[in-house]
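I opened this notebook to record what I looked up. The structure comes first, then my entries.

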Amino acid sequence: MIRLSQVSKCFDGKRTVTALHPTDLHIDKGEMVAIIGPSGSGKSTLLNLIGGLDRPTSGEIELDGERLGGLSGDGVTRVRRDKIGFIFQFFNLLPSLSCFDNVALPLHLRGWPRAKIQQRSQELLELVGLGARMEHLPDEMSGGERQRTAIARALSVYPPVLLADEPTGNLDSATGADILRLISDLHQRLNTTVLIVTHDMQVAHAAQRILTLRDGRIADDRRL
Amino acid sequence: MTLLRLLTWPYVRKHRLRSVLTLAGIMLGVAVFVGMHGANQTVAQAFAATVNRIAGKAQLQVSAGETGVPEEVLEAVQSVREVGAAAPVIEAVLNTNLKGQGNLLVLGVDMTGDRSLRDYDIEGGEEDVVEDPLVFLAQPDSLILSRKFAEANGIQRGSRITLDTMQGPRQFTVRGLMKSDGLAGAFGGNVAVMDIYAAQFIFGRGRRFDRIDIGAAEGVDLETSQNKVRAVVGEGYDVLPPASRTQQFDAISRSLSITINLTSVFALMIGVFIIYNSFSIAITQRRNEIGILRALGASERDVLRMFLAESAAAGLAGSILGLGLGLLMARSLSPFMSNMVRELYGTHQMPDGVSMSPWTMAAAVALGTAVSLVGGWLPARSAARVDPVKALQKGRYQVLSEGENRIRRIAALVLAAVSIAIVVTRPTLTIFYFGYGLMVLALVLLSPSLSHWIALSLRPLLRLIRPVEGTLAADSLIQAPRRTSATVAAVMLSLALAVGFAGVSRAIYTQLLDWVDDTLNPDLFVAPTESVTQRSYRFPLSMTSEIAQVPGVEEVQAVRTVRVQLKGVPAMAVVVDVRQVAGRVKYKPVDADPVEMVQLASEGKGAILSTTLAVIRGIKKGDVLELASPEGILKVPVLGTRVDFSDQQGAFIIDRSLYSRVWKDETANAFRVYLRKGEDPEAVRRRIIERFSSNRKLFVFTNASIRELIMRNTEQWFGMTYIQLLVALIVAVMGIVNTMTVSIADRRRELGVLQAVGGLRNQIRNTVWLEAVAIGTVGLVLGWLMGAVTLYYNIEMIGGDMAGLDLDYVYPFRFALALFPVIVGAAFLAALWPAEAALRASLVESLEYE
């Protein structure tokens, strides 16, 4: 499903910082993988590279049979919108759009017909338990509700891959557990490949496999 | 100071473009202020410098407007014991016929007496004929040139040059060169001196001089000398120090000053909004930084001070840059104003560089800094009130609260109500202007609510154009008024100014066309120069019958336009045979019976005033004009007023019989020629030229060409308006660029999210473009609305204070519509760069951007 061959990432500044040393990785379809490690170990960099938000300095990334290296900016965006759903720590909802419109946004960007968008967005919001909050603005919702909205948005086209960067990092423990349950549930029901970057070992243990990163290298790869 | 260095400076360096745009807001406001005032002062100073240079050591001048001073007066003045020297002067401008040299200021002087008043600083040489004034006098083709002019044209002593005179082109011999100081420095160095009697002949002055320059006798104080001369020449002549001519300049330029100040106020107000906008955004972005500062122990006052210091520093820097730009603007504006002064006074000057008083410069910098502080005050206050706990939370956005909006709306309605009450009751002009200010403030306060409503109504349209991008663009406007309201207000103000000026220009233009249709109906016009307003040359009145004898001519009307002193300030007299002209032109007074008015005027029993003169000088029907004349103060009753564009500063018509009797001036500036039915104007035109080709230099215009000439002059007159329109549009465009740049920065995360969830590059571009277009459109709609209000006030100002024109209120719909593509196009262009910048930004950084 996801294959990384000698993928590295360096950041050029006054001095060059290697965030990720050349790395090989293979993740199968339907796997739920947690990526853990201390701050600055390269977890988010790895996730951003897999999600096509960033380009590697070297190496090749293959996602569902598609090589990202040869694609243009819009090509990567197309892969992202058809195959990947993102869940961010700070939700990244558009504050001016209602809960419903935030979920509908990726579908609009894909040019779906209005009726189909209406149907799918409603279905997704029911799925994450927000059927009654559709017209609310992000500012009018709790942290947990916002993250549920973000999850619904990430699932808009039922993508084969779900990438979550500290999805519970900005939530209290009860809400965090709730969100984790939702992600696990979706993973099982939809057979989605899930990658979660987290500091929280409780979250990590909900996965089937834990990758530990240290100083830009995979220090440990453990299946539970 | 430490906070500024540690926090502000790195922010400024990081956001260079935004900082530049912030400075540009103030810079433009200050530049308009400096440019307008600078041009005015430059021309005033050039005027004063020319007056002083030409005056030389003269302490007093005897003059009578353009009617001139008869030779007998010179003798009377010279007989006064308290007068040391009295010398006649004629001042005229000639076309040099030299490429790139333009005009030459020619002074006609009496060399025998004049050198005690003016130092000609002639360059030495044994054979220098000017050493002996009698030799100079004996040869009427003698000319002394400034060395600068001579060198620029490769002319030496003994060279012969051809100049246009009333008798056609004449050759002159250069018999001396003046060093380029003092007198020779006047009029940009384009100066020549000739004998006074030759000048009388060449310029058609008859037995008159333009003025008499006087030096007091030794040991006699100026006042005594002035009183004695006054007693001899009578009240019909001004006896004043040369410098007093510059005081008149201030009186005349008043109406221009109102326009200048109005534009400056608008430009500075727009500066306030640009600063407000930039600081609001900066504070939103630096909320986290402010939170940290507060958490580390900075007090509210510390934060307030820091941001006020920032806005003061921005204001100061912007003002200094604006000063530079303004001086450049003044340089390009001053020739226009210079022309106006020449038209008014016949005193020719050529601004050399830009001169501006240090006080005005200091005032400009102080104003710019103050404007910046005003614009920065509200954002600084809200920065100081930031709750450190909330500020340190990520992902919160600023939304203008409904309560805040309601207070603004109520304040706006109260201000508007007061302003309307002032319009209805109209107590004084000053209060009326105050009411104008209140109305502008009311509209500014109301603009966030109005733009919210307009944006709401634009949403379906934008959604129709691009379902996703359009909605996002409209929502950005609706949900983040703090980001856009200041720009919308700035665009609104700029366009309101533009619409107001355009409406007034159009109304004046329409009225001018009516006047041209009514008054300029002769088939041909005969004038001594190519310019209808130039009055250096005149024709003898006897030419009237000579032209009338040309085959095909039915009637000839002689017109003498001349400035006479009306209570010490020149006013244009239009001297005609009133009955004769009334046979062809329908006089339509606004306040009198036309038949009675024409009857009395033709009998020399009164004057017909232009409404402009009536308003500017505060004169009405039934008042008495006190005109300086050779007979002393001539009292002429005002018979009525009518719309008349003969002169920008207003004019009055008197009958030739009255003028000839009092001023004994038998000359004309132009002839209005009516042809017999069926005659070809072009054929008669050629006949007139042929008839006088041997002894007169004249120009014969057809009706169409004179209209074209007048319209061209009018275009020049509107030049200032066009400049203001241009400034208004530049400000509008700059406001949009500013907002789009800060908006993109502000929405960086939002645009990042859009890309992250699948937005293609074109979709991001479209969103940014549509938002810019939407901001432009909202500002445009508000500008249209506010323009309707400013137009009303401008028309009242023109009518009641500046020009005395009773203009119809006609909204310039065409102009307003023409603004649509301009503003939408400008908004689109303004968004191009920010859109690309948004696409270039790193997606990962954008998603983490706070």
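The entries below cover chain A and then its interface with chain B.

I noted that this is a predicted model, in which local features need pLDDT of at least 70, side-chain atom pairs count only at pLDDT 80 or more, and totals for chains, interfaces and linings use all residues. Residues are numbered from 1 along each chain as its sequence is written, chains are lettered from A and ligands numbered from 1 in the order in which they are written, and side-chain values use heavy atoms, with hydrogens and water left out.

**Chain A.** I found seven helices and 10 strands in chain A, taken as DSSP runs (helices H or I, at least four residues; strands E, at least two) numbered from the N terminus. Of its 224 residues, 57% are buried, meaning under 20% relative accessible area with a 1.4 Å probe, protein chains only.

**Interface.** I looked up the contact (heavy atoms within 4.5 Å) and got 24 residues from chain A and 23 residues from chain B. The two chains bury about 2500 Å² between them, 62% of it on carbon and sulfur atoms; this is the accessible area (1.4 Å probe) lost on being put together, summed over both. On the side of chain B that touches chain A, α17 (467–479), α27 (748–756), α28 (761–802) and α30 (843–848) each supply at least two residues. There α27(B) gives the most, with six residues.

**Salt bridges.** I searched between chain B and chain A for a side-chain nitrogen of Lys or Arg within 4 Å of a carboxyl oxygen of Asp or Glu. The count is zero salt bridges.

Terms used. Buried means under 20% relative accessible area, exposed over 50%, partly exposed in between (1.4 Å probe, protein chains only).
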